[in-house]
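Q: Hi! Could you walk me through this one while I have it open?

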Number of protein chains: 2
Amino acid sequence: MRIIGIDPGSRATGYGVVDLDGRKLLHVAHGIVRVSASIPQAARLAQIHRALAEVVTKFEPQCAVIERVFVARNPKSAIVLGEARGAALAALAGSGLGVDEISAREVKKAVTGNGGATKQDVQAMVSRLLGLVPAPPSDAADALAIAICRSQAGRLAGLEIRRGRRRPRRLADLTRDLP
Amino acid sequence: MRIIGIDPGSRATGYGVVDLDGRKLLHVAHGIVRVSASIPQAARLAQIHRALAEVVTKFEPQCAVIERVFVARNPKSAIVLGEARGAALAALAGSGLGVDEISAREVKKAVTGNGGATKQDVQAMVSRLLGLVPAPPSDAADALAIAICRSQAGRLAGLEIRRGRRRPRRLADLTRDLP
């Protein structure tokens, strides 16, 4: 199963692609779609849409997962973040992918064992799980962490995907099975 | 000049296309992209994106204008509205269109003379300005009003498009020039 994780943002949208081959977790690709602040917002959103559609065409993931958001600093930033998410989600679903949502806290907890983990903690753990040296940049590491978290959903029966009910277990408990 | 106005929403996105031919304002098309609540949000956003891209291909507007938003009831609804806007904006800009933004209040004020006009007021005035009987449904009327407001931007020198400074004049003052 090939999974693409997306960490959407209005300036930088991270993506990470992993394969789950039996119990083996393999890195496929990662990157960041950066958009210029000097072009209009609509053009930025079109760039995000186009770039992610190209990534999906290139790597052919079978499912997608995106960070769920609950809060934003204020309504203005919620709209702007929502716009970036909308462009990304339209690209993923427009390419025929189902898109699951996982909260950042669940991802952090599953990958590092701590829902309040720092970006550096996530980077370090993603680097370790996928054998990446040097560690991917933070936005891409977050996207890879989202994909990794999704890849473990079958095994972490309690992982809260979409409408979770149980508390997630630590992905770190399972790392002995990983390459 | 052919203008497409967009009134984005997570369940219904209105569009309206008008031509400005000299001083004449002509109706070209209007419609509503409705998305089902029973399909996932990502699939809904892909539908909005695809439908608006098709509308642009069909009617070939030269510029686009969308309702600007400042506020939302809460961060959750701001995210959801932002996502619909993101899918719409990516479709418009992805089709090569520049996208202006006008606030709902400016549109209402320009079209009806009252920034706090009801949806019925806007419907009635759009119907009158474009000679449409019966009046278009509300979401499409709002989109037509946005396009009409944009069409008058050159003549309403004070109209606040993007970073307005002066107070808009009433479009109603100009209706004697309209068909």
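**A chat about the two chains**

A: Happy to, and let's start in chain B, where Pro137(B) sits in the loop between α4 (119–130) and α5 (138–151). Keep in mind that this is a predicted model.

Q: Thanks. How accessible is Pro137(B), and what does it count as?
A: Pro137(B) has a relative accessibility of 41%, so it counts as partly exposed.

Q: Which residues is Pro137(B) in contact with, leaving aside its neighbours within four places in sequence?
A: Those are His30(B), Ile32(B) and Gln123(B).

Q: And how far apart are Pro137(B) and Gly14(B), in sequence and in space?
A: They are 123 residues apart along the chain, while their C-alpha atoms are 9.1 Å apart.

Q: What about Val133(A) and Pro134(A), what joins them?
A: A cis peptide bond again, with an omega of about 0 degrees. Pro134(A) has its place in the loop between α4 (119–130) and α5 (138–151) of chain A.

Q: How much of chain A is buried?
A: Of its 179 residues, 58% are buried. As for contacts in chain A with a separation of 6 or more, 61% come from residues 24 or more positions apart.

Q: Back to α5(B). How many residues does it have, and what does it reach?
A: It has 14 residues and reaches 20 Å from first C-alpha to last, close to the 20 Å expected at 1.5 Å a residue.

Q: Is α5(B) enclosed or exposed?
A: Largely enclosed by the rest of the structure, because 12 of its 14 residues are buried. Among the buried ones are Ala140(B), Asp142(B), Leu144(B), Cys149(B) and Arg150(B).

Q: Switching to α1(B) and α2(B), how do their axes cross?
A: The two axes come within 8 Å and cross at roughly 35 degrees, with α2 covering residues 75–94 of chain B. The crossing is right-handed. By class, this contact has 12 nonpolar, two polar and one charged residues.

Q: Which residues meet there?
A: From α1(B), they include Leu45(B), Ile48(B), His49(B), Leu52(B) and Val56(B), and the α2(B) side includes Val80(B), Glu83(B), Ala84(B), Ala87(B) and Leu92(B).

Q: What span should α2(B) have, and what does it have?
A: With 20 residues at 1.5 Å a residue it should span 28 Å, and its end C-alpha atoms are 27 Å apart, which agrees. α2(B) is mostly covered, with 16 of its 20 residues buried.

Q: What comes just after α2(B)?
A: Gly96(B), with a positive phi of about 90 degrees. Likewise, α3(B) is followed by Gly113(B), whose phi is positive and near 90 degrees.

Q: Which residues of α3(B) are buried?
A: In α3 (residues 104–112) of chain B, they are Glu106(B), Val107(B), Ala110(B), Val111(B) and Thr112(B). The buried residues of α3(B) pack against β4, β5 (99–103), α4 and α5 of chain B.

Q: Last topic: what is phi for Glu60(A)?
A: It is about 50 degrees, a positive value although Glu60(A) is not a glycine. Most residues other than glycine have a negative phi. Glu60(A) lies in the loop between α1 (41–59) and β4 (63–68) of chain A, and it is exposed, with a relative accessible area of 60%.

Q: And Glu60(B), what is its phi near?
A: Its phi is near 50 degrees, also positive. Glu60(B) is in the loop between α1 (41–59) and β4 (63–68) of chain B, and at 60% relative accessibility it counts as exposed.

Technical notes. Residues are numbered from 1 along each chain as its sequence is written. Chains are lettered from A and ligands numbered from 1 in the order in which they are written. This is a predicted model: local features need pLDDT of at least 70, side-chain atom pairs count only at pLDDT 80 or more; totals for chains, interfaces and linings use all residues. Side-chain values use heavy atoms; hydrogens and water are left out. Helices (H or I, at least four residues) and strands (E, at least two) are DSSP runs, numbered from the N terminus. Buried means under 20% relative accessible area, exposed over 50%, partly exposed in between (1.4 Å probe, protein chains only). Contact means heavy atoms within 4.5 Å. The expected span of a helix is 1.5 Å times one less than its number of residues. Axes are lines fitted to C-alpha atoms, for helices over the stretch in contact, and angles run from 0 to 180 degrees between N-to-C directions. A crossing is left-handed if the near helix is turned anticlockwise from the far one by less than a right angle, and right-handed if clockwise. Ala, Val, Leu, Ile, Met, Phe, Trp, Tyr, Cys and Pro count as nonpolar, Asp, Glu, Lys and Arg as charged, and the others, Gly among them, as polar.
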